[in-house]
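Work through the exercises below with the structure open. Each task is followed by its solution in steps.

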Amino acid sequence: VRPLRVMLFQVEDAPGIVQERLRMVLGSSPVPVGLFIFKRDEPMRFSGARGKPNAWALERLEATLRRHGPIDIVIFDPLVYLHEAEENSSSEMTRWLVPFREVCRRAGAAPLVIHHAGWVPDGEDARGRGSTAIRAWADLELALRTQTKNGQTFHRLNLVKTNFAPRWKQPLTLELDPDTLRFLAVDEIGTLCPPEALVAWLEED
């Protein structure tokens, strides 16, 4: 079985930040052969005003995917930098998102789009901002949120929607390693009160 080939379009962060984060994630490991990163050297817009598809940009995307193929997953970060449509308009977002998805599918790649969420109080779930057409377009939606408990920061990964896979009901609790930028699934109860600390408290009490 060959390793996955991933293409990442990092259209928000500056190249220096992308390099720094990649070094932290990889550590001493070499950059995977199957990883292709495109920096924000030029604007990337798959739609113009009112959601009109940018045929030239879509054709160029398909040609890029095929030239480096096979590409299994193509990641775009974030959605807001990919279009000039009104994010709250269902018709405008659908107008370009549908051909954008079809271009990726024709090239055999699954598109994964990072989308910013709206602001909510700490601990509450937030959905992706903008039109519900964005959520309807996606076959799978994951929500990542930060929550602070007793001075500790946790990240909750919740499966919001899935069309072709089983649902899990409870969110995963994750901790972010600041040195490697990698998430680790944790037992939140054990993290908030480690067994050793509980035993020590019982002995002292």
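Predicted model: local features only at pLDDT ≥ 70, side-chain atom pairs only at ≥ 80, totals over all residues.

**Exercise 1. Describe the largest nonpolar core and the elements that give two or more residues to it.**

Solution. 
- Step 1: The largest nonpolar core has 27 residues. Those with the most contacts inside it are Phe-46, Leu-61, Leu-65, Phe-76, Trp-96 and Phe-100.
- Step 2: Two or more residues come from each of β1 (6-10), α2, β3 (73-77), α3 (90-106) and α4 (132-137).
- Step 3: α3 gives the most to this core, with 6 residues.
- Step 4: Take Leu-61 as a case. Leaving aside its neighbours within four places in sequence, Leu-61 is in contact with Phe-9, Phe-46, Phe-76, Phe-100, Val-103 and Cys-104.

**Exercise 2. Search the whole structure for aromatic pairs. Classify the pair of Phe-9 and Phe-76, then the pair of Phe-46 and Phe-76.**

Solution. 
- Step 1: The search of the whole structure finds 7 aromatic pairs.
- Step 2: In the pair of Phe-9 and Phe-76, the ring centres are 5.0 Å apart and the planes are at 5 degrees. Planes under 30 degrees apart count as stacked, so this pair is stacked.
- Step 3: Phe-9 is in strand β1 and Phe-76 in strand β3, 67 residues apart. The pair links distant parts of the chain.
- Step 4: Phe-9 and Phe-76 are both buried. For Phe-76 the relative accessible area is 0%.
- Step 5: The rings of Phe-46 and Phe-76 have centres 5.9 Å apart, with planes at 90 degrees. Over 60 degrees counts as edge-to-face, so that is the class of this pair.
- Step 6: Phe-46 lies in the loop between β2 (35-38) and α2, while Phe-76 lies in strand β3. The pair therefore ties together parts 30 residues apart in sequence.
- Step 7: Phe-46 has 3% relative accessibility, so Phe-46 counts as buried.
- Step 8: Ring pairs link Phe-9, Phe-38, Phe-46, Phe-76, Trp-96, Phe-100 and Trp-137 into a cluster.

**Exercise 3. Characterise the second largest pocket: its space, its lining by class and the element with the largest share of that lining.**

Solution. 
- Step 1: The second largest pocket holds about 350 Å³ of space.
- Step 2: The pocket is lined by 16 residues; closest to its centre are Phe-9, Glu-42, Pro-43, Met-44 and Arg-60.
- Step 3: By class, the lining has 8 nonpolar, 2 polar and 6 charged residues.
- Step 4: Helix α2 (residues 55-67) supplies the largest share of the lining, 6 residues.

Conventions:
Residues numbered from 1 in each chain as written. Heavy atoms only, no water. 1 Å grid on protein atoms, 1.4 Å probe; cavity = no way out; pocket = protein on both sides within 12 Å on 5 of 7 lines; lining within 4 Å. Points joined across faces, edges and corners; volume = space filled by probe spheres on them. Helix = DSSP H or I, 4+ residues; strand = E, 2+ residues; numbered from the N terminus. Nonpolar A, V, L, I, M, F, W, Y, C, P; charged D, E, K, R; others polar. Core = buried A, V, L, I, M, F, W, Y, C linked by side-chain atoms within 4.5 Å. Buried < 20%, exposed > 50% of the residue type's maximum accessible area, 1.4 Å probe, protein only. Contact = heavy atoms within 4.5 Å. Phe/Tyr/Trp six-rings, centres within 6.5 Å; stacked < 30°, edge-to-face > 60°.
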